[in-house]
Amino acid sequence: MKPYSIDLRQKIIEAYQNQEGSQRQLAKRFKVSLSFTQKLLKRYRETNEIEPRKSGKGFIARLEQHTQVVEKLVADNNDITLEELQNSLELETGVKLSISNICRFLQRKKLTRKKASA
């Protein structure tokens, strides 16, 4: 979902400062949620900022800088489990991620783990 425009944010703040209604009324008037209005006004009071915050890539971005380490771990031991990979990554890089984040990273990088045949 795209963030609300700076223009809309400014209109909400100006309407609130001009006492054109309560936060609930302004949310209804501008067709935004009450929680958005509350958070916007609080953030404006505390930091004087109205720009939307950048959305990050979260945990995947932290793992991105260790791509070579992950590739090496998978190449050296291609039947490694996700849990073993999680532990190895934490030992080698200090980055602790959930198994699901590691799995999504491997899928994005097209790194496969094949079980060794018995």
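Predicted model: local features only at pLDDT ≥ 70, side-chain atom pairs only at ≥ 80, totals over all residues.
Two packed helices are described by the angle between their axes and the distance between the axes. The axes of α1 and α2 cross at roughly 145° and come within 10 Å; they are lines fitted to C-alpha atoms, for helices over the stretch in contact, and the angles run from 0 to 180 degrees between N-to-C directions. The crossing of α1 and α2 is right-handed, a crossing being left-handed if the near helix is turned anticlockwise from the far one by less than a right angle, and right-handed if clockwise.

## How the model is read

Residues are numbered from 1 along each chain as its sequence is written, and side-chain values use heavy atoms, with hydrogens and water left out. Local features need pLDDT of at least 70 and side-chain atom pairs count only at pLDDT 80 or more, whereas totals for chains, interfaces and linings use all residues.

## The chain as a whole

The protein chain holds 7 helices and 0 strands, and its pattern along the sequence reads α-α-α-α-α-α-α. Its radius of gyration is 23 Å, well over the 13 Å that the globule rule gives for 118 residues, so the chain is more spread out than a compact globule; the radius is taken over C-alpha atoms, and the rule is 2.2 Å times the number of residues to the power 0.38. Along its principal axes, the C-alpha trace spans about 75 × 25 × 20 Å.

Of the 118 residues in the protein chain, 31% are buried, where buried means under 20% relative accessible area, exposed over 50%, and partly exposed in between (1.4 Å probe, protein chains only). Among the contacts with a separation of 6 or more, 54% come from residues 24 or more positions apart.

On the α2 side the contact involves Gln-23, Arg-24 and Ala-27, which meet Leu-34, Thr-37, Gln-38, Leu-41 and Arg-45 in α3. The residues of this contact divide into 3 nonpolar, 3 polar and 2 charged.

## Salt bridges

Side chains of opposite charge can pair when their charged atoms come close. The structure holds 6 salt bridges, each defined as a side-chain nitrogen of Lys or Arg within 4 Å of a carboxyl oxygen of Asp or Glu. One of them joins Lys-11 and Asp-7, at 3.4 Å from N to O, and both residues lie in helix α1 (residues 6-17), 4 residues apart, or about one turn of the helix. Lys-11 is partly exposed at 42% relative accessible area, and Asp-7 is partly exposed at 48%.

Another salt bridge links the side chains of Glu-49 and Arg-43, at 3.2 Å from N to O; here Glu-49 is partly exposed, with a relative accessible area of 36%, while Arg-43 counts as buried at 14%. Glu-64 forms a salt bridge with Lys-109, the closest N and O atoms being 2.5 Å apart. Because Glu-64 lies in helix α4 (residues 59-64) and Lys-109 in the segment after α7 (99-108), this pair ties together parts that are 45 residues apart in sequence. Glu-64 is partly exposed at 34% relative accessible area, and Lys-109 is partly exposed at 31%.

## Two loop residues with positive phi

Most residues other than glycine have a negative phi, and most peptide bonds are trans. Gln-19, in the loop between α1 and α2, has a positive phi near 55°, and this residue counts as exposed at 70% relative accessibility. Lys-31, found in the loop between α2 and α3, has a positive phi near 60° and is exposed, with a relative accessible area of 72%.

Technical notes. Contact = heavy atoms within 4.5 Å. Nonpolar A, V, L, I, M, F, W, Y, C, P; charged D, E, K, R; others polar.
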